[in-house]
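The stops below go one selection at a time.

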Amino acid sequence: MTKIIIVDDHPLVIEGVKALIETDNSFEIIGIALNGQQTNQLLKTEKPDIIFMDINLPDCSGIDLCREILLKFPSIIIIGLSTFNTPSYIQAMLDSGAKGYLLKNTTKDELLKALNTVLLHKTYISEEAKSILNTFKTATEIVLTRREREVLQLVASGKSNTEIAKELFISPTTVDSHRTNLLAKFKTNNTALLVKQALKSGFIVY
């Protein structure tokens, strides 16, 4: 039986997801967490196969929590579950290691399809989220690597090259190279304009 934890701070969402999952006897809900702290506590005693992860949690970002959990427990499969339907949030969740992304208006059929797909070690993105990503990719000529996205996000938060290098475990010289590439891709010549353009284009998550 596949063991599942739901991480969300909205009781109605939790009950709704539980009701959909429990229609299939091959899945078992073994825990509920309302925030990041509860999630980390729960993972000390429970070993889920899959975690449904909200992005907007009271004490942390689900995107950051996803990355942290997978560093400790790389075998866990995380599916993003959110009301956020902007391309930057969807892509950021996937870049953090999530193997799926569903919007909270998902149907039972789609939710179960997502579960069965990720168990086959494939990525599942809901049709609506996929359409949003495809439209965004079509609308922009800017293509960033995963590392460039990470550097861009940290640049936007005001961190220096040294701070970014320390957080990403790369050299300051490499960070500077990524900054230069980002400036070129966004056709800007300073950090302020870079952040402004990236925000406008939906590349930065706040």
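Begin with the largest nonpolar core of this predicted model. Select Ile51, Met53, Ile69, Ile78, Met93 and Tyr101: of the 29 residues in this core, these touch the most other members.

Which residues is Met53 in contact with, leaving aside its neighbours within four places in sequence? The list is Val7, Gly62, Leu65, Cys66, Ile69, Ile78, Ile79, Gly80, Leu81 and Met93.

Now select Thr39, which lies in helix H2, residues 36–42. Is Thr39 buried or exposed? Its relative accessible area is 2%, and buried means under 20%, so Thr39 is buried. Not counting residues up to four places away in sequence, Thr39 touches Val7, Ala33, Leu65 and Ile69. Val7, Leu65 and Ile69 were also on the contact list of Met53.

Move to Val118, in helix H5, which covers residues 108–118. Val118 also has a relative accessible area of 2% and is therefore buried. With neighbours within four places in sequence left aside, the contacts of Val118 are Ile50, Ile77, Ile79, Lys99 and Tyr124.

The next stop is a pair of helices. Two packed helices are described by the angle between their axes and the distance between the axes. Select H7 (residues 146–156) and H8 (residues 161–168), which pack at an angle of about 135 degrees with their axes 10 Å apart. Because of that angle, H7 is oblique to H8. The crossing of H7 past H8 is right-handed. Show the side chains that make the contact: Arg147, Glu150, Val151, Leu154 and Val155 from H7, with Ile164, Glu167 and Leu168 from H8. Sorted by class, this contact has five nonpolar residues, three charged ones and no polar ones.

Between H7 and H8 there is a loop, and Lys159 lies in it. With a relative accessible area of 30%, Lys159 is partly exposed. Not counting residues up to four places away in sequence, Lys159 touches Leu154, Ile164, Glu167 and Arg179. Leu154, Ile164 and Glu167 also belong to the contact of H7 with H8. Now draw a distance from Lys159 to Thr117: the two are 42 residues apart in sequence and 38 Å apart in space, C-alpha to C-alpha.

The last stops concern backbone angles. Most residues other than glycine have a negative phi. Select Phe169, in the loop between H8 and helix H9 (172–185). What is the phi of Phe169? The value is near 60 degrees, which is positive, and Phe169 is not a glycine. Phe169 counts as exposed because its relative accessibility is 77%.

Finish with Lys187, in the loop between H9 and helix H10 (191–201). Lys187 is not a glycine either, yet its phi is positive, about 55 degrees. At 76% relative accessibility, Lys187 counts as exposed.

Conventions: Residues numbered from 1 in each chain as written. Predicted model: local features only at pLDDT ≥ 70, side-chain atom pairs only at ≥ 80, totals over all residues. Heavy atoms only, no water. Axes fitted to C-alpha atoms, helices over the stretch in contact; angles between N-to-C directions. Helix = DSSP H or I, 4+ residues; strand = E, 2+ residues; numbered from the N terminus. Parallel < 35°, antiparallel > 145°, perpendicular 65-115°, else oblique. Left-handed = near helix turned anticlockwise from the far one by under 90°. Contact = heavy atoms within 4.5 Å. Nonpolar A, V, L, I, M, F, W, Y, C, P; charged D, E, K, R; others polar. Core = buried A, V, L, I, M, F, W, Y, C linked by side-chain atoms within 4.5 Å. Buried < 20%, exposed > 50% of the residue type's maximum accessible area, 1.4 Å probe, protein only.
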